[in-house]
Amino acid sequence: MSEERDDLAGLRDEIDRVGRSAAKRFDPGAGALTIAVAVLAILLSLVLPWVGDSTGLRVLLGEAPALPKVFSYAALIAGVLLPAVTLVVRRWALAWLCALASFASSVSGVLSIWMTQTTTGHQPGPGPGLGLILAVVAIVVLLVKWLRIAASRAGLQ
């Protein structure tokens, strides 16, 4: 009888451990494909023009004004590295971090587009390139997906 209680207690502890571990993880479902496509779009945007004739890689390496350069770093970190790590680890805290980083990146991206259109003279600026617009759209898509995933944990969906 005592042996059965020990076995049941051990089984209960193991079930509790598995439950706590599962509660820390999320399953993105089909959203993982959307996230992967958005990450791929950001990587593709790096070879397209961002500001004038400068590609995203040149902007990333410092050949552009400050704000598009900040957005290029933010897009690389919040749009490529963090989602990759988060999809591998699948922790709720990282999903929230991705949502917050995507929000900050989307703000800097929209400001980068605005800044490329604005000058101090009467002539318009060079305007945003296709790569910059693609990167901003991809970051906004990531923002929506990460907010949905994070909100599902909080029961806000």
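Helices (H or I, at least four residues) and strands (E, at least two) are taken here as DSSP runs, numbered from the N terminus. The model is predicted, so local features need pLDDT of at least 70 and side-chain atom pairs count only at pLDDT 80 or more, while totals for chains, interfaces and linings use all residues. Residues are numbered from 1 along each chain as its sequence is written, and side-chain values use heavy atoms, with hydrogens and water left out.

**Whole chain**

Begin with the chain coloured by secondary structure: six helices and two strands are present, in the sequence order α-α-β-β-α-α-α-α. Of its 157 residues, 38% are buried (under 20% relative accessible area; exposed means over 50%, partly exposed in between; 1.4 Å probe, protein chains only). The accessible surface amounts to about 9,300 Å², 67% of it from carbon and sulfur atoms (Shrake-Rupley method, 1.4 Å probe). Where residues at least 6 apart in sequence are in contact (heavy atoms within 4.5 Å), 70% of those contacts join residues at least 24 apart.

**Annotated spans**

Next, select residues 30-50, 70-89, 94-115 and 127-147, which an unreviewed UniProt entry records as "transmembrane region". UniProt positions follow the numbering used here, feature names are shortened, and annotations may be inferred rather than shown by experiment. Residues 70-89 are 100% helix and 0% strand, with end C-alpha atoms 27 Å apart. For residues 127-147 the corresponding distance is 30 Å, with 86% helix and 0% strand.

**H2 against H4**

Now display H2 (residues 31-45) with H4 (residues 66-89): the two pack at about 145°, their axes 10 Å apart. Axes are lines fitted to C-alpha atoms, for helices over the stretch in contact, and angles run from 0 to 180 degrees between N-to-C directions. Show side chains for Ala32, Ile35, Val39, Ile42 and Leu43 of H2, and for Ala75, Gly79, Val80, Pro83 and Leu87 of H4, which make the contact. By class, nine of these residues are nonpolar, one is polar and none is charged (nonpolar: Ala, Val, Leu, Ile, Met, Phe, Trp, Tyr, Cys and Pro; charged: Asp, Glu, Lys and Arg; polar: the others, Gly among them).

**Ser72**

Remain on H4 and select Ser72. Ser72 is buried, at a relative accessible area of 0%. Leaving aside residues up to four places away in sequence, Ser72 touches Trp50, Val59 and Leu60.

**Arg90**

Finally, move to the loop between H4 and H5 (92-117) and select Arg90. Most residues other than glycine have a negative phi. Arg90, although not a glycine, has a positive phi of about 60°. Its relative accessibility of 30% makes Arg90 partly exposed.
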